[in-house]
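Good morning, and thank you for making time for this presentation. Please keep the sequence and the structure in view while I speak.

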Amino acid sequence: MTYKKLKRIDLIFHEDCDCSQVLEKTFRKSNDEIINDILESGLKGRGGAGFPTGLKWKFTAEQPSGDRFVICNADEGEPGTFKDREILFKVPSKVFSGMAVCAKVIGAKKGYIYLRGEYRFLLPQLTKALDVFHKEIKDLLDFEIIIQMGSGAYICGEESALFESMEGKRGEPRNKPPYPTVAGFMNKPTVINNVETLVYAFMICKHGPTRFKELGTSDSRGSKVFSVSGDTPIAGIYELELGMSLDHFVEEFGDGDTKAVQVGGAAGFCVPRKKFKDTIIGFEGVPTGGSMKVFNSSRSMYNVLHNYLEFFEEESCGQCTPCRVGCQQLIKGIEAVKKGEQKAAYLDQLMKLSETMKLASKCGLGQSVANSFSSIVDNFREEMIY
Amino acid sequence: MANNINLKIDGVDVQVEEGRTILDAARAINVHIPTLCYHEDLCVAGNCRVCVVEVTGARALVASCAMPVSEGMEVETNTLKVRSARKNIIELLLSEHNADCTNCYKNKQCELQDLASEYKTSGEQLYMDLVPLKNYTIDDFSPSIIKDDSKCIRCQRCVRTCEELQHVSALGVAYKGDKMKISTFFENSMFDVVCTNCGQCINRCPTGSLIERNYVDEVWDAIYDEKKHVVVQTAPATRVALGEDLGLEPGQVVTGKMVSALKRVGFDSVLDTDFTADLTIMEEGTELLTRLKKALVDKDPTAKLPMATSCSPGWIKFIEHTFPEYLDNLSTCKSPQQMFGALAKTYYAQKRGIDPENIVSVSIMPCVAKKFEADRPEMRSSGYKDVDYVLTTREMARMIRQAGLDFNALPEDSYDSIMGESSGAAVIFGATGGVMEAALRTAYEIVTGREVPFENLNITPVRGMDGVKEVTVKIEGTLPDWSFLEGAELKTVTAHGLTNAKLVMEKVKSGEADYHFIEIMACPGGCIGGGGQPIPTNMEIRKKRTEAIYMEDAGKPIRKSHENPEVVAIYKEFLGEPCGHKSHELLHTHYKARHRY
């Protein structure tokens with residue numbers, strides 16, 4: 001495996017861009033050409049799961065005619081992730097433009113931005129920017145974007161729970177299949193993309209796929225916006241090339257005493273120091289929706305895990321057994337081991353439990369609790385016991 | 001015609017229609033996959049995860065109830081991964097469940113207990129007991145339904161039942177994560193919300209979380225009380241379902257054995273709600289014809305049409321909450337249960353020379369809403385509580401078991417008199433369309449002097465499981481008194497399940513339909529699918545019970561309510577005439593508007 005050195009990129013934030021001009025140019029291409037550009041670029045979803053964006057658009061475009069929607073998932077709820085907020089704050093028109101390209105390709109007349117409840121403060125300026133945008137594209141495309149507020153539930157970032165929430169129902173994930181490309185919002189074919197994905201899609205339209213493809217690795221093309229936090233002197237938002245090794249990342253962002261990095265937030269993986277060198281940040285290694293949380297040796301990994309589990313225990317929608325009860329058992333379990341009420345070997349039982357959660361939960365939330373649980377318990381077992 | 005899909009389950013080839021699930025396919029080849037949240041009558045939830053299986057190529061396990069089959073799919077239902085996940089899930093459910101089995105009303109009738117007995121091998125609980133950490137509550141304010149959150153496994157069958165089958169949505173999901181629970185509007189008691197007490201949630205609850213309030217001990221006490229004369233009435237639908245709780249297959253008519261059992265249990269007099277079902281037809285039929293005359297001839301605006309049946313107390317509470325502006329459209333007739341209760345402590349008491357003070361009136365019903373109905377303040381027209389205790393079919397089965405009777409070996413016996421005689425028109429009250437059919441058999445004959453023009457009196461268009469059945473009956477050759485109805489087309493509609501009731505009422509409200517007569521039963525299939533009937537329930541079982549009901553009707557020497565000799569006698573000796581003064585006093589009632597929230 002080749003490890004890339006850390007490289008800062010400046011595609012998203014600092015480039016001046018006349019969105020309507022780019023859209024006009026893009027719309028001269030056929031839908032197939034646009035989809036091929038996106039496919040060619042290798043862009044994968046930036047929310048964390050990493051589904052190829054071009055395929056998502058293609059599948060939706062191929063659905064029999066009728067209403068369809070493009071939805072921008074701005075319910076950025078993963079602990080330690082705050083890059084979508086920055087994107088919406090600084091370059092909202094690029095987000096809108098990405099949605100417009102998608103709308104054109106799939107034939108949507110309406111798009112929605114599902115905005116995280118805690119980001120309500122962005123609403124006035126987003127609305128203003130949207131008014132401008134609607135005027136600009138009036139002659140280009142019959143397309144309207146509506147902002148729909150979330151109410152603060154983490155689970156509503158899961159795409160099917162997000163649809164339920166938008167439809168006015170309780171935010172609970174649906175059974176899949178059917179997938180959103182076939183039956184999403186209002187049971188119509190729907191493309192749902194992360195904020196950042198839509199911006200990159202738009203940047204690919206602007207620059208062509210090659211510029212994007214040149215960056216990153218074969219499995220993880222392009223660059224990505226990272227939210228860096230924790231024990232780092234330079235916390236903040238950085239656009240970096242994908243495929244870097246965690247070692248290089250820590251060299252740049254660590255405080256010299258980094259003990260572990262939580263990659264991908266509460267739903268992600270904890271990588272201990274001894275594995276920094278061999279860990280690649282990307283879909284072939286440890287993927288992330290953007291969150292990079294750095295821990296130095298003053299941190300108790302028991303507390304870190306406890307904190308994540310508290311979060312999951314509360315934010316599980318509660319409908320499926322493995323996630324609802326599993327989260328409670330994991331947190332009660334590590335508490336009991338810590339207090340000496342259960343033997344250390346109980347941790348092994350809990351590891352089995354987390355495996356069941358990974359295999360049998362209904363949605364990504366329950367399935368990913370095991371990521372942080374097993375990576376922290378595996379690598380810091382002694383901290384769990386003593 | 002749907003395409004067929006070929007797949008392999010545990011190495012066995014199976015072919016099923018496109019759109020079916022892995023669970024359907026597995027059942028087709030008798031591979032048993034355990035389920036909890038799945039129920040044939042409801043939409044798929046896929047939330048308990050007990051039915052997970054391994055599909056070759058899939059990253060995670062899949063819920064077999066929710067996963068459609070696809071061509072070439074390879075499924076394994078019993079791998080290490082599957083077994084381990086399933087066992088873990090059952091342990092997790094148990095850790096959240098108040099497994100106080102020996103004290104539980106549903107002991108040995110609990111799907112979670114069944115799974116535990118199949119899968120538990122170690123003798124100890126794998127995970128920590130979460131029950132003491134939770135503030136579980138028991139809601140026992142309702143006279144019909146008790147909701148115990150500590151037994152709940154959050155499968156949401158009740159929520160789906162209330163929403164999909166009944167369009168009531170009294171039950172819903174509240175909170176999330178570890179606090180997620182099944183609750184009501186503002187967490188009020190079931191007694192204070194839009195709940196119609198239909199009990200369909202009870203029929204589908206896999207555990208003891210939702211149960212009927214039972215009066216088994218109270219009834220035993222009354223039976224053992226020497227001073228009390230305990231009369232019991234049995235509703236039409238009980239006789240085609242009771243057997244299921246006593247080891248028989250669905251669809252068996254057990255009227256004679258049931259009567260025999262009740263006598264052995266110790267009731268002083270075993271009588272039949274079918275008698276008052278016939279009486280209901282006399283009263284309600286007359287009421288309908290009177291309303292038609294008032295509306296069509298006298299143009300009296302107070303005569304409300306369409307007239308709707310009032311036998312189903314779940315439907316009554318539903319309309320009181322949901323369409324209170326239509327309360328005047330309800331027939332003022334009490335339900336057969338309540339007519340019986342009022343007569344038991346008046347007519348029956350007089351005839352038998354018993355002080356009504358000493359009569360304990362018990363009813364056996366396929367219903368839990370009847371418990372609420374018997375508790376309504378209006379239901380005391382005898383001067384006493386007309387019906388003292390309402391038992392479900394299930395409670396009766398329990399009493400029969402407690403009495404140590406070998407039900408299947410009991411001889412057939414017949415109802416006592418008086419108030420034990422009935423016609424075939426009465427027994428079909430137990431199935432959707434039955435009241436309509438019975439009413440038409442009598443009303444048509446009153447108006448024309450001839451039998452209703454259907455072969456063997458079987459008005460088949462109003463029968464069956466279609467949710468809404470619209471039937472128009474043309475009236476021709478009327479007797480002189482009813483000449484105003486000559487050539488008229490009587491428009492009727494029959495609906496069962498409150499979702500269908502709502503459809504009908506919305507059509508009435510919008511003016512889209514101009515019915516004259518509406519029959520509504522709150523439960524799917526009518527009373528045979530009532531909330532007090534043996535568990536489990538599904539379409540197949542309900543159809544078998546329905547067939548049994550019509551078999552009972554066909555075998556009766558008397559098929560029309562007005563020909564029931566005891567009915568003729570009671571008008572002659574006691575009531576005077578249908579809808580007369582005495583009837584109004586004892587057999588009719590009124591309703592009250594209730595809030596939606």
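Predicted model: local features only at pLDDT ≥ 70, side-chain atom pairs only at ≥ 80, totals over all residues.

Two residues count as being in contact if their C-beta atoms, placed from the backbone, lie within 7 Å. With that criterion, residues 24 or more positions apart account for 73% of the contacts in chain A that have a separation of 6 or more.

Along the principal axes, its C-alpha trace spans about 70 × 45 × 35 Å.

The domain assignment divides chain A into domain 1 (19–213), domain 2 (223–296) and domain 3 (302–380). How far apart do the C-alpha centres of domain 2 and domain 3 of chain A lie? The separation is 23 Å. To their contact, domain 2 of chain A gives seven residues and domain 3 of chain A gives ten residues. On the domain 2 side, the largest share, three residues, comes from strand β8 (residues 269–272) of chain A. By class, that side of domain 2 of chain A has six nonpolar residues, one polar residue and no charged residues.

Strand β8 of chain A also belongs to a sheet. This is an open sheet of five strands in chain A, with the order β6-β5-β9-β7-β8 and mixed pairing. At its edges are β6 (236–241) and β8 of chain A, each of which pairs on one side only. From one strand to the next, the twist averages 30°. Strand β7 (residues 258–263) of chain A runs antiparallel to β8(A), and four bridges join the two. Within that pair, Val263(A) has Phe269(A) in β8(A) as its bridge partner.

I turn now to chain B. Here there are 18 helices and 18 strands. The C-alpha atoms of chain B fill a box of roughly 80 × 60 × 50 Å along the principal axes. The radius of gyration of chain B is 25 Å; a compact globule of 597 residues would have a value near 25 Å, so the two agree. Buried residues make up 53% of the 597 residues. If we take the contacts in chain B between residues at least 6 apart in sequence, 74% of them join residues at least 24 apart.

Strand β1 (residues 4–9) and strand β2 (residues 12–17) of chain B run antiparallel and are joined by six bridges. One of the paired positions is Ile5(B), whose bridge partner in β2(B) is Val16(B). Two residues lie between the strands of this hairpin, and Asp10(B) takes a positive phi near 50°. Strand β1(B) has a further pairing, in the parallel sense and over two bridges, with strand β5 (residues 74–76) of chain B. There, Ile9(B) stands opposite Val75(B) in β5(B).

Chain B also has an open sheet of four strands, with the order β13-β18-β17-β16 and mixed pairing. Which strands stand at its edges? They are β13 (307–308) and β16 (468–474) of chain B; each has a single partner strand, so one side of each is left without a neighbour in the sheet. Strand β17 (residues 489–496) and strand β18 (residues 517–521) of chain B run parallel, joined by five bridges. The bridge partner of Thr492(B) in β18(B) is Phe517(B). Helix α15 (residues 498–510) of chain B packs on this sheet and touches β16, β17 and β18 of chain B. The direction of helix α15 makes about 145° with that of β17(B).

Finally, I come to the two chains together. How many residues of chain B are in contact with chain A? There are 30, and they meet 32 residues of chain A. On the chain B side, helix α2 (residues 80–96) of chain B provides the largest share, nine residues. That side divides into 18 nonpolar, six polar and six charged residues.

How values were computed:
Residues numbered from 1 in each chain as written. Chains lettered and ligands numbered in written order. Rg over C-alpha atoms; globule rule 2.2 N^0.38 Å. Buried ≥ 20, exposed ≤ 12 C-beta atoms within 10 Å, placed from the backbone. Nonpolar A, V, L, I, M, F, W, Y, C, P; charged D, E, K, R; others polar. Domains from an automatic or database assignment. Pairing = 2+ DSSP bridges. Axes fitted to C-alpha atoms, helices over the stretch in contact; angles between N-to-C directions.
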